[in-house]
Amino acid sequence: RPPARRVVVVVVVVMSVHLHFEPAHALIGGAILGVATVGKLLLTGRVLGISGSFKGLVTIGDTSRWRFAFLAGLVGSGLADAYMNPDQVAEPSAGLTRTVVAGLLVGAGSGLGNGCTSGHGICGNSRFAPRSMAYTVLFMATGFAAATLFDTNAALGVNPASALDRMKLPSAEEMIGYGKIIAAAAASFLGLGQLARAHAKKNDGEHTDFHDTLGLVAEVISGFVFGLGLSISGMRRAAKVSGFLSATASSWDPSLMLVMGGAMGLAIPAFARSESETKPHCAREFSVPPKNRGIDKNLLLGGVMFGAGWGLAGMCPGPAIVSFAANPTGTVGAWLLAVVVGMYAQHRVF
């Protein structure tokens, strides 16, 4: 009698990510991004651009303290989110090879075009800068194309069920919490502004080291608040981004369109006001790029490359930094490393 044959059945469970249309989360998260953008601009005079903060450090070794302060705030928001939500689940990634390619494209593209979804998408468009408008149109169009042609939704395990039919609104408790975040952020920035004005008055309007210290505090707070906005709005989730970029899919989720609107609704008047201000509260002058810079081939190529990378994996620098701090995974770490390599390679080649 032959020996019995043992049959082993291996069951592979693949996570299916259901998307929800979350207009309130998107608008509130966008508004929080706007508060961070306004606070950083009016206090330090600098545009809130995450890839720009990163690029100077990576490509030319600029170790200005404000860069570390802002990035520390971003990381701090991720750590705070991990503390408040310890049971974070890592959603499916697009696969290591695809993720690395996407990171290289995002790094090189943001370096070549001098910006990403924050510097160009929020700040540049809020200034009505032609360069930023052109860059945004290109990275959005290329992102849509890449996500659709390479089926990023499938790579990230997005369920094809309609997101629009599954609208999700925050609870009353969540709304109170979001209101407290906005109030605390606004109060912090206003308080720093008051301190800066009072100190300037004591010193006959002169800029002092104390103003520089206040500026660093403002950088930390703006990074922290911006990171919270990324978490609340959903931009930290690659599947959420892919759901937006996959516009022809049945699961299309327009939530992130409202994120931009919520942020720009606050940033537009702030940039308009900055044009009539002589200087920011904590710095000697505004460091805002001129609007009249031309649209060149580097900007256009950068927009295409950034959009392709964004569409392939659904990640961009700010959300990835916050996500890695909150829930470090090998895939996100590999993507961030690829971004650094892409930025450095672009700087060496172009």
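## Reading a core, a helix and a lysine

Modeller: This is a predicted model. Start with tryptophan 310. Beyond its neighbours within four places in sequence, tryptophan 310 is in contact with Val106, Thr117, Phe139, Met140, Val241, Leu245, Met315 and Cys316.

Biologist: Which residues touch the most other members of the largest nonpolar core?

Modeller: A core is built from buried nonpolar residues joined through side-chain atoms. Here the largest one has 76 residues, and Leu74, Phe226, Phe306, Trp310 and Trp335 touch the most other members. Helix H1 (residues 23-44) supplies the largest share of this core, 10 residues.

Biologist: Thr117 was on the tryptophan 310 list. Why is helix H5 said to be largely enclosed by the rest of the structure?

Modeller: Count buried residues; the cut-off is under 20% relative accessible area. In H5 (residues 117-126), 10 of the 10 residues are buried, so the helix is largely enclosed by the rest of the structure. Among them are Thr117, His120, Cys123 and Asn125. Just after H5, phenylalanine 128 has a positive phi of about 60°.

Biologist: What is lysine 279 in contact with, leaving aside neighbours within four places in sequence?

Modeller: Gly205, Arg284, Glu285 and Phe286. For glycine 205, look at the backbone oxygen: it lies 3.4 Å from a polar atom of the lysine 279 side chain.

Biologist: And how far apart are the C-alpha atoms of lysine 279 and serine 162?

Modeller: They are separated by 49 Å, with the two residues 117 apart along the chain.

Note on methods. Residues numbered from 1 in each chain as written. Predicted model: local features only at pLDDT ≥ 70, side-chain atom pairs only at ≥ 80, totals over all residues. Heavy atoms only, no water. Contact = heavy atoms within 4.5 Å. Polar contact = N/O pair within 3.5 Å; in protein donor to acceptor, adjacent residues only side chain to side chain. Core = buried A, V, L, I, M, F, W, Y, C linked by side-chain atoms within 4.5 Å. Buried < 20%, exposed > 50% of the residue type's maximum accessible area, 1.4 Å probe, protein only. Helix = DSSP H or I, 4+ residues; strand = E, 2+ residues; numbered from the N terminus.
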